[in-house]
Amino acid sequence: MNALEELPLWAAILTSILLVLGSGLALIGSIGLLRFKTFYERIHAPTLGTTLGLFSILAASMIYFSVGQTRPVVHEILIGIFVTTTTPVTFMFLVQATLYRDRFEGSDPLTGLSDEQRSVKTPARE
Amino acid sequence: MSRWLPFPVISAMLLGTWLLLNESLSIAQILLGSAIAIAGSWILVRLDAPPLLFRRLWIIMRLGLEVFVDMIRSNMRVARLVLKDKRDRTPGFVRIQLNVRSHYSLAVLACIITATPGTSWVAYEPAGNVLVIHVLDLADDDDWGEIIRVRYEGLLKEIFE
């Protein structure tokens, strides 16, 4: 592809840094998914890839394509908006399903949460 | 006006999205986009969506900026927690008494809580207007209710309510 050869050095460096940062965050998120032991902890790990990881890669794409001037850079903004607004829906469904199952099995993690007690700490399982 | 265009703000956003997606300002795309925007707002009427009013655009921008900074900070914190091998975290659930009630505020709050890793939305009880979130690390004993109230709720209330 010719656009890559015509890309000035600063843009190439910036794009690469952002790409490595974004994919690194997605990788760390996946490691967390493996390493954390309970479902409620695991749900936090992949959000690294869907937030800052996603935005780094979108920023890299915006720099690459706007410097190369192959097309205007609006699609990335839309991707960011769509992912940010749809991720909570999936997450809520997953958490609600787990909560339902936990309650069904008689181990409601939210017992003890009342007006007096604001937070319940759950030990990190090995 | 209100019968044909029940949600003017949402219709305008739909049309804008359509034009951005197609990267074109031709008459054909504007007509097609308008048709979709109007049909979309009619669907919202059938869904009984409450009317949407935006106020104070600069507050929306301030909220966006604040969320962006918090997102970067919590990404770094969670990345450190993942890579650190020690198990000195204390995850847990936190109960938060909310002040905002409008559906739009809650929807944006859900996006914010999901966009900042380390906190996730667990349950919302409409009766008491109580939100339960899960926090990956409660160790530093932050008052999460206070954090949400101070950082986001005030701004959300100003925007939507």
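Domain bounds in these legends come from an automatic or database domain assignment.

**Conventions.** This is a predicted model, in which local features need pLDDT of at least 70 and side-chain atom pairs count only at pLDDT 80 or more, while totals for chains, interfaces and linings use all residues. Residues are numbered from 1 along each chain as its sequence is written, and chains are lettered from A and ligands numbered from 1 in the order in which they are written.

**Figure 1. The two domains of chain B.** Chain B is divided into domain 1 (8-46) and domain 2 (57-160). Between the C-alpha centres of domain 1 of chain B and domain 2 of chain B the distance is 32 Å. The C-alpha trace of chain B spans about 60 × 35 × 25 Å along its principal axes. Chain B has a radius of gyration of 19 Å, whereas a compact globule of 161 residues would have one near 15 Å; the radius is taken over C-alpha atoms, and the globule rule is 2.2 Å times the number of residues to the power 0.38.

**Figure 2. Secondary structure of chain B.** Five helices and three strands make up the secondary structure of chain B. Helices (H or I, at least four residues) and strands (E, at least two) are DSSP runs, numbered from the N terminus. The order of the elements of chain B from the N terminus on is α-α-α-β-α-β-β-α. Helix α1 (residues 8-22) of chain B has 15 residues and reaches 21 Å from its first C-alpha to its last, close to the 21 Å expected at 1.5 Å a residue; the expected span is 1.5 Å times one less than the number of residues in the helix. After α1(B) comes E23(B), whose phi is positive, near 50°.

Figure 3. D137(B) is found in the loop between β3 (130-135) and α5 (144-160) of chain B. D137(B) is buried because 20 other C-beta atoms lie within 10 Å. A residue is buried if 20 or more other C-beta atoms lie within 10 Å of its own, exposed if 12 or fewer, and partly exposed in between, with C-beta atoms placed from the backbone. Apart from neighbours within four places in sequence, D137(B) is in contact with L81(B), R89(B), T90(B), P91(B) and G118(B); contact requires that the C-beta atoms of two residues, placed from the backbone, lie within 7 Å. D137(B) and Y152(B) are 15 residues apart in sequence and, C-alpha to C-alpha, 20 Å apart in space.

**Figure 4. The loop that holds N129(B).** The loop between β2 (119-125) and β3 of chain B contains N129(B). The phi of N129(B) is near 55°, a positive value in a residue other than glycine. N129(B) counts as partly exposed because it has 14 C-beta neighbours inside 10 Å. In chain B as a whole, 30% of the 161 residues count as buried.

**Figure 5. Helix α2 of chain A and its packing.** Chain A has five helices and one strand, in the order α-α-α-α-α-β from the N terminus on. Helix α2 (residues 9-35) of chain A has 27 residues and reaches 38 Å from its first C-alpha to its last, close to the 39 Å expected at 1.5 Å a residue. The buried residues of α2(A) are T15(A), L18(A), G22(A), L25(A), I28(A), G29(A) and G32(A). These buried residues pack against α4 (47-68) of chain A together with α3 (57-83) of chain B.

**Figure 6. The interface between chains A and B.** In the model, 35 residues of chain A are in contact with 34 residues of chain B. On the chain A side, α2, α3 (39-42), α4, α5 (75-104) and β1 (119-121) each supply at least two residues. Helix α5(A) gives the most to this side, with nine residues. By class, the side of chain A that touches chain B has 21 nonpolar, nine polar and five charged residues. Ala, Val, Leu, Ile, Met, Phe, Trp, Tyr, Cys and Pro count as nonpolar, Asp, Glu, Lys and Arg as charged, and the others, Gly among them, as polar.

**Figure 7. Confidence of the prediction.** The predictor gives the complex an ipTM of 0.81 and a pTM of 0.84. The mean pLDDT (the predictor's confidence in each residue, from 0 to 100) of chain A is 84, and 83% of its residues reach 70 or more. For chain B the mean pLDDT is 85, and 93% of its residues reach 70 or more. Among the elements of chain A, helix α1 (residues 2-6) of chain A has the lowest mean pLDDT (64) and α2(A) the highest (92). Where pLDDT is low, the predicted coordinates should not be read in detail.
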